[in-house]
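Take a look at it, and then we can go over it together.

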Amino acid sequence: MTLPWKQLLLLSIIDYCLDSGSFHGPRWRMEPGDLFIPIDSIEEEATLTCDAKGTPSPQYRWSLNGTLINLGLDRRRRLSGGNLIISSLDRYQDVGMYQCMAYNTVGAILSRRASLQFAYLDHFKVHTRSAVSVREGQGVVLLCGTPTSSGDLTYAWIFNEYPYFVQQDNRRFVSQQTGNLYIAKVEPSDVGNYTCVVMNSITKGKVQSSPTSLILRTDGVMGEYEPKIEVNFPDNVPAAKGSTVTLECFALGNPVPEITWRRANGVPFPSKVKMKYSNAVLEIPSFQQDDTGGYECVAENKMGKNTVSGRLAFYAKPQWVQTMKDTALAIEERLYWECRANGRPKPSYTWLKNGQQLLSEDRIHVEDGVLSVSALTLSDAGMYQCVAENKHGVIYFAAELMVLASPPDFTGNLLRALLKAKAGTTVTLECKPQAYPIASILWKKGNLVNVILKKSMITLSPDGTLRLANVSKSDAGSYTCFARNRFGMSSTTGRLLVTDPTRIIQGPVDTEIIVGESIVLPCQVASDPVLDVSFSWAFNGQLIAKGDGHFEFVGGVTGDLMIRNIQLYHAGKYICVVDTDVESLSAVAVLIVKGPPSPPDSVTVEEVTDSTAQLAWSPGRDNGSPITNYLIQTRTPFTVGWQRVNTVPEIIDGNTLTATVVDLNAWVEYDFRVLAKNSVGVGEPSPVSVKTRTEDAVPDAVPGDVGGGGGSRYELVITWEPVPEELQNGESFGYIIAFRAFGEASWTHVATSAPGASRYVYRNDSIAPFSPFHVKVGTYNSKGQGPFSPVVTIYSAETEPSEKPAGVRARSVSASEIEVNWQALSFIPERVLGYEVAYWEDDTKPETMGKVRVPWNQTSATVSGLAGNTQYFLTVSAFNTAGTSPFLPAINVTTKKPPPSQPPMNVGWNLMGSQLSVYWEPVVAMESESDVLGYQRQRHKEVITLTTVNATAELTLPEDDEEYIIFVQTLSEGGLGPASDPIRIHQLSKLGVHVFLLKYATQSISVTDSLWLDAIGVLWDSSGGCSPALNATLHC
């Protein structure tokens, strides 16, 4: 049926919105799953989930057993979103198969079917069970009589009373298929009461039967008989893919039968197959196609055997292997969809549109998994589902069909407003409007319609594409494409500009360069002015990015490339790529980078002696410049870093790959490495060789700085500088010490095995004090004895002075100093090097002791740094290298009180002409301080000091242009007190009277020219430096 124009246009707009993503049919996010509800939960609610996405948002309907549920009239069922919630569950009304439908304005889809079942387990009927009477040795079956139930059940049997359960073994078996208890051969111990226990695995409910008594008959014992199989499996057992299959087989018999299993085809069981309960149960986990076939159970005893067999058949629910996709087709086009699924048995197919089954009619053809619809109309749009089903399951797959109808539209596919093309090339103008159905195409150039097609170099393809071959300037101009279908017409226009070819007038050339240098690779072109030109560079196939540390694009409108600080890895192929609107050109150059050689490799040490090692290596890359020679370096635990060594040959040319290293130390571990050199420079070192130790040898180094002397009485102390470990030449290194008294001919030899020893003490009571000896020290190791050092003369230990100085006296000079005097020792047998004054504050505190030493030619010493007004004990002794003489009895002296701690304050001055009057406040000493005896005034250039007992002083200043620094300090027995703040007198002050204070602690002196500061004896200059002045008393 042909729709009116306006209706068609409206439908085309709707379909365009669908195509652009505004509307979508429903898609499942969550489908309902099977529910198995315990009957004791019947008061609770059951929820069947259903959730779909789509635009607009989907709505939902539910059906039960194929009948639509009227939720408006059903008070127990309601929707929450798409979920169906059932309250006040009814065991009979609510059981069945449920299916959800989601729908919106685009279409509808059906969910998978979900079952709702109730799990329950009824009680056994209450009645007394008859006793079972059997002969000993006879087999018996005790029936469980399972009550009505729903849900998976498990069985067990109680023997006599709870919790004693029947233990299954080769004689007793509880079938999980029938629930019955089988005893292959009854024994007297089996007599008792048996109760069947049934448990529902879903409800967890448990019920027990009435007990069945098993008693023995007294009319004899059952004789032996062949097996009778009581528990077996069906002839045909369907098994799902991936499931666990369990087969049971148990036989009665006397003796107790042995159960075995085998496959009918004779193939051994795979390792996954398990046998349980004395082979009564065969379990096959993860069932697969390979597990199908015949299975046999054999029950056998000495009386015979019996066999049962059956076949395991493989089945699988359908699984998709091919599905369809959402499709948008133009009106009047043909739809072809195909879906395929695997399954066992082979699935059958049906097709649904918006939840309703499709049948073959008119334009629609349905066959197996194929759906085809010819001459599509707008009414064919909607949601389609392919359904694959076999007796074990059903699956659904949905796809959306959009039927499009619209006039031609060039939106997003317009001709380029300006298309540039190089003369002589082929130009393609595509005319691809969006049109449903496909539009017919018409071209014109300027105002001429289809005249362009008369040219032999112009062709029009069936899809509307216009191709212009070997274009020239005459082909330039405006081109318009017209598209028309039954819904309308549209057009698009573009302009073609034909340009002259671009040429590279200066490109890069093959170049050689040295590592570390820089280079510019040129790339310059001549092009049509209307073209936009861009440059890019590739290095060994990789685009060079701007901002790379070594690469820089230079030259402005040109494409020159600068490479700074070139490294070896910059060698290779460089391509300058020139891109314009119409073409792409390139120029290639190879850059060869020369650098120092790469490290040699595989350094090996082949022959080693005590002083040489022969090395071999393989060359590294020469990096563009032949290797001229090799250098060898070594490292030991005793060297700092790597050292170059002597070799044979002395100069190793670039073609030589072996050399002998000479002048090595014996018995030292060496690392070796090799460096290569060429005209560019020395390359990186090779990997380090394996550590190699030279052979041992007799020592050739002698101990240095042999000497001695000192020590205790009767001792001869010999010292030397130990031989470094790297010069010991072998293991078990030690020293041989040789000595003899002056005038003797024979030597005394002593050995020490300590390689780090540097001192030996020889003690003998016959050694006279301070007597001369000849001494020499040699070396030895495990290879033999080395050389001795030159002979030196040393002296034995001397004895301390035996006499003590006399006439010791001391006096306090100030609060911090004591002067000590004594008489010199003369004509004693021992040597006197000097005198030692020991002093301390308290006899009971030896840690307060201090010492002052002076040379032998002095008979006085000053002890300074003492505390004021403190008693000190002092004594004097003579000393030499053996020690000190006996100390004199201690004398004591008390230091004077310290000077006043308060400096003179408020120092002022008057200057009239050259007469200077200085005045200050007198200082009053505290009780713990020395009395003030007077004051000292100092003015500096020649450090002039004046002393007075008054608090004023008069000074006459010289006739010069100097300035003066003056300060005042107290004078006491304890010494000089702290100085007043200094005052500075300018000679210009003669013009008037000034009184001021200059405080060093808070004010600095600003000096802008050379200036003598007499107070501190320092010369400042305008450069900011300082140097000592004459008579300086302080230091910079």
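Two strands pair if DSSP finds at least two bridges between them, and strands (E, at least two residues) and helices (H or I, at least four) are DSSP runs numbered from the N terminus. This is a predicted model, in which local features need pLDDT of at least 70, side-chain atom pairs count only at pLDDT 80 or more, and totals for chains, interfaces and linings use all residues. Residues are numbered from 1 along each chain as its sequence is written, and side-chain values use heavy atoms, with hydrogens and water left out.

Q: How many bridges join β31 to β36?
A: Strands of a sheet pair through backbone hydrogen bonds, either parallel or antiparallel. β31 and β36 (residues 370-373) run antiparallel. Tryptophan 337 has leucine 371 as its bridge partner in β36, and leucine 335 stands opposite valine 373. The number of bridges joining β31 to β36 is four.

Q: Are Leu371 and Val373 of β36 buried or exposed?
A: In a regular strand the side chains alternate between the two faces of the sheet. In β36, Val370 and Ser372 are on one side, with Leu371 and Val373 on the other, and both faces are covered. With buried meaning under 20% relative accessible area, exposed over 50% and partly exposed in between (1.4 Å probe, protein chains only), Leu371 and Val373 are buried.

Q: Which residue in the hairpin of β35 and β36 takes a positive phi?
A: β35 and β36 run antiparallel and are joined by four bridges, with valine 366 opposite leucine 371. The hairpin has two residues between the strands. The positive phi, near 55 degrees, belongs to aspartate 368.

Q: What is the average twist from one strand to the next in the open sheet β23-β27-β26?
A: The pairing in this sheet is antiparallel, and β23 (245-248) pairs with β27 (residues 281-284) over four bridges. Leucine 247 stands opposite leucine 282 in β27. With axes as lines fitted to C-alpha atoms (for helices over the stretch in contact) and angles running from 0 to 180 degrees between N-to-C directions, the twist averages 20 degrees.

Q: What separation do the C-alpha atoms of glycine 266 and tyrosine 295 have?
A: Glycine 266 lies in the loop between β25 (258-263) and β26 (274-276). Glycine 266 is exposed, with a relative accessible area of 58%. Glycine 266 and tyrosine 295 are 29 residues apart along the chain, and their C-alpha atoms are separated by 9.6 Å.
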